[in-house]
Amino acid sequence: MLSNREAKLQGLREAALRLRRNIWRALHAAGSGHMGGSLSAADLLAALYFHHLAIRPDQPDWPARDRFVLSKGHANAALAAVLAQSGFFDESLLDDFYGFESLLGMHPDIKAPGVEMSTGGLGHGLAVGIGMALGAQLQGRDFRTLVMLGDGELQEGSNWEAAMAAAHMGLANLTAIVDFNKIQQSGPVKAVLGLDPLADKWRAFGWEVREIDGHDIGAIVDAFDALPYAPDKPSLLIAHTVKGKGAGFAEDSHLWHVNAVTDEVYRNALDELGDAQ
Ligand SMILES: [Mg+2]
């Protein structure tokens, strides 16, 4: 018999597997899209939406809800899929991903229930997340704000201005998560504009930092449960991930940052996930 914890983790792993299938479903419907950074974030998003965030999918504007901002907005297939699985809208909407006047586009749009910020232009999410966290602090409210950043995105200087400001304001109700998959659109992050030593940089900017394997559901749950990491500082979670995780043909390759999704690609992807439809 499984322990309560193992049963919970198993449920989250199944949710993440379903999420990966739904990511491919959406991108196949569109014919193309950003699979690499959607798949790298899938385990983190499953743990956020099915374990950590206080949300009410039947009441998307519930004032006390936690706020989640997908700053790396090109991974909207993952956000749309997890919002659908959470019940913010029907999963069948994924079949209209990128469709004309669809709620679900290449990047998140606040028209879609559950989306807190329209993102896609990189380097903006953390600053807006600071506004949300500061608003909670000023109003004496206890909701939390979490912002997911891409590693390539961290090359935008606006992130570092925001990092400095969040620490200056002592925003312990703010968490940033870096989906550190080491690859960006044009190649390895190290080759384009390296980030090392990433954790030390954030610490120097006044954040409390933890690092985990971003595909280890147990480690992810523990890292979210431990928030905030310090009583008077913003928290940073560096999640080491694999771009394209779950599709061997797409893993660790910038060629699958964004690509076409033919019927054959879709079939191969589902096969690898153990679903030979
Ligand atoms: Mg990346």
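Which protein donors lie 2.0 to 2.2 Å from the magnesium ion? In this predicted model, residues are numbered from 1 along each chain as its sequence is written, and local features need pLDDT of at least 70. Side-chain atom pairs count only at pLDDT 80 or more, whereas totals for chains, interfaces and linings use all residues; side-chain values use heavy atoms, without hydrogens and water.

The protein donors of the magnesium ion are Asp151 (OD), Asn181 (OD1) and Ile183 (O); donors are N, O and S atoms within 2.8 Å of the metal (3.2 Å for Na, K and Ca), and sites may look incomplete because water is not among the atoms. Asp151 lies in the loop between strand E3 (145-150) and helix H6 (157-168), and Ile183 in strand E5 (residues 183-184), so the pair ties together parts that are 32 residues apart in sequence. Helices (H or I, at least four residues) and strands (E, at least two) are DSSP runs, numbered from the N terminus. Both Asp151 and Ile183 are buried, that is, under 20% relative accessible area (1.4 Å probe, protein chains only).

An open sheet is formed by five strands in the order E2-E3-E4-E8-E7, with parallel pairing; two strands pair if DSSP finds at least two bridges between them. E2 and strand E7 (208-213) stand at the edges, each with a single partner strand, so one side of each is left without a neighbour in the sheet. E7 is joined to E8 by six bridges, and Asp213 stands opposite His240 in E8.

How values were computed
Buried < 20%, exposed > 50% of the residue type's maximum accessible area, 1.4 Å probe, protein only.
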